[in-house]
Amino acid sequence: MNTEKKGNYRWVICSLLFFATTINYLDRQVLSLTWKDFISPEFHWTNTDYGNITALFSIFYAISMLFAGRFVDWMDTKKGFLWAIGIWSIGAILHAFCGIATSGIVAGEWFVGFEGAKEAISHVNNAGLVISVSVNLFIFARFILAVGEAGNFPAAIKATAEYFPKKDRALSTSIFNSGATIGALAAPLTIPVIAAHWGWEMSFIIIGALGFVWMGFWIFLYKKPDENPKVNAAELAYINQDDHEQQPELRGNTKVPRTTISECLKYKQTWAFVFGKFMTDGVWWFFLFWMPAYLSAVYDIKSSDTEGQLAIFVLYAITMLSIYGGWLPTYFVEKKGMNAYEGRMKAMLLFAFVPLVVLFAQPLGHISYWIPVILIGFAGAAHQSWSANIFSTIGDAFPKRSIATVTGIGGLAGGVGAFIINKTSGWLFDYAKETQMTFMGFKGEEAGYFIIFSFCAIAYLIAWIVMKTLVPKLILIKN
């Protein structure tokens, strides 16, 4: 009788995924926390300019996700992840040099430092040229960042499917996905401080360099479970407990048949995942990219102020509740006897109701800015719980060799949704401000935010209804 105690190396892998996601979101947050107070005064940007940059980042990210999933399935998890984080770290650091490049193009001053670039740009009388050049340079840096960052979730979800049985995947996904929250938490405490003391350029360089540190750990710690000497037989049996349900994955040097994108699109399970991502990814990205600007525009609270940093910190601290969202399907499976998909969909329905509280953010916001901060924090927690579970629906239905590809297809849909909401938001906020538009008792930019908040509140329920209609019960795909 085998009495070997089950090891826990799978949680080491989960920790690595957590730190990769943390770095991913730190890199993504640098611009949102520096543009309003540091970058915009230098380059004369408006909400529309920032909205264009974030919207294009979303669409670059979306398109890249489609290919990143295929790339990760082709390169396999280890090399695919290394390529992804290496590229996005370079892209993050490139942002820092947009000021010098702008100085070179508009003022002919190429060989200057960061302060020299600011000085050169300040003497250029053509503000439109400065805006146009700087925005395009930031878009290019954002493009490189997006191409690399697109690989994070396909690689992480694939690694999770390799190292965790189905019933634990939502929990492990919620834990590594909480890296997004930790990154968002750490960002307001560090990035504005770095920007205030050493310039906004150094915030991109310092945060961007973290990715290269992570790559060293990944090289030495990651191997496939059945090739990893630190995974004992008992843990390997636990990890592979669901393999009997699907066609056994081919291992070793055997050539693994790949599933094409067009083949994946034949299944309703793919379209359910695609629609869910399209409707809800943009909501999280909106909170991520626009909350510092919201506090600045509506409450005159700057991201560099202690008050602003504390508000953003509390908002993302509340989203840490999402870890319980990963545990809930495990509870339904173990205590209520549901299958993994049934338990997951029930949990997702509960999470879909929570963002409705955002409908009260603006109406009650006149009492204190803490009310929208706290309500949006709860909506963010619900989103992260939803996100961990919607990713796990892929592993419930598809074989492991197709997981990154389907993740990439869904990522494309999510990025398109994020593009639409970011582009619309930038345009709407400027329009509302210029025309002093009124809507449901709100005026100016507040009216614009109320409209976007209302969409964020109902998006999850719409997504759940369509997903449940497309895939009412679990059907395994074995091809």
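Okay, let's start with W427, which comes out as exposed, with a relative accessibility of 51%. The cut-off for calling a residue exposed is over 50%, so W427 lands on the exposed side of it. Before I go on, keep in mind that what you're looking at is a predicted model.

So who is W427's partner? That would be Y431: the two rings form a stacked aromatic pair, 5.3 Å centre to centre, with 10° between the planes. And Y431 is partly exposed, at 38% relative accessibility.

How many aromatic pairs does a search of the whole structure find? The count is 44. Take Y294 and F453 from that set: their pair is edge-to-face, 5.3 Å centre to centre and 70° between the planes. Y294 belongs to helix α12, residues 268-299, and F453 belongs to helix α18, residues 445-470, so this pair ties together parts that are 159 residues apart in sequence. Are they buried or exposed? Y294 is buried, with a relative accessible area of 0%, and F453 is buried too, at 1%.

Which ring does the charged end of K6 sit over? The ring of Y238, at 3.8 Å from its centre. In a second case, the charged end of R28 sits over the ring of W285, 4.7 Å from the ring centre.

The structure holds five cavities of 30 Å³ or more, and the largest cavity has a volume of about 130 Å³. Its lining is made of 15 residues, and the ones nearest its centre are Y25, F153, K277, D281 and W285. Which helices contribute? α1, α2, α12 and α16, the last one being residues 370-397, each supply at least two residues of that lining. Sorted by class, the lining of the largest cavity has seven nonpolar, five polar and three charged residues.

Now for an open space, the second largest pocket, with about 160 Å³. Its lining includes F67, F71, W83, I87 and V147, plus glycines such as G80, G148 and G151. α2, α3 (77-94) and α6 (127-149) each give at least two residues to the lining of this pocket, and α2 gives the most, with five. How many charged residues line the second largest pocket? None: the lining has eight nonpolar residues and four polar ones.

What about disulfides? A search of the whole structure finds zero. As for individual cysteines, C98 is buried at 4% relative accessible area, and C264 is buried at 0%.

A quick stop at the backbone. H44 has a phi near 65°, a positive value in a residue other than glycine. You'll find H44 in the loop between α1 (9-43) and α2 (47-75), and H44 is partly exposed, at 36% relative accessibility. Q436 is another example: its phi is near 50°, again positive in a residue other than glycine. Where is Q436? In the loop between α17 and β1, which is 438-439. Q436 counts as partly exposed, with a relative accessible area of 38%.

Last residue, I promise. M440 is in the loop between β1 and β2 (442-443), and M440 is exposed, with a relative accessible area of 63%.

To wrap up, go back and look at two ring pairs side by side: W427 with Y431, which is stacked, and Y294 with F453, which is edge-to-face. Thanks, everyone!

Technical notes. Residues are numbered from 1 along each chain as its sequence is written. This is a predicted model: local features need pLDDT of at least 70, side-chain atom pairs count only at pLDDT 80 or more; totals for chains, interfaces and linings use all residues. Side-chain values use heavy atoms; hydrogens and water are left out. Rings of Phe, Tyr and Trp (its six-membered ring) pair if their centres lie within 6.5 Å; planes under 30 degrees apart count as stacked, over 60 as edge-to-face and the rest as tilted. Helices (H or I, at least four residues) and strands (E, at least two) are DSSP runs, numbered from the N terminus. Buried means under 20% relative accessible area, exposed over 50%, partly exposed in between (1.4 Å probe, protein chains only). A charge sits over a ring if NZ of Lys or CZ of Arg is within 6 Å of the ring centre and within 35 degrees of the ring normal. A disulfide is a pair of cysteine sulfur atoms within 2.5 Å. On a 1 Å grid over the protein atoms alone, a cavity is a set of points where a 1.4 Å probe fits but cannot get out, and a pocket is an open set with protein on both sides within 12 Å along at least five of seven lines; lining residues have an atom within 4 Å of a point. Grid points are joined across faces, edges and corners, and a volume is the space filled by probe spheres set on the points. Ala, Val, Leu, Ile, Met, Phe, Trp, Tyr, Cys and Pro count as nonpolar, Asp, Glu, Lys and Arg as charged, and the others, Gly among them, as polar.
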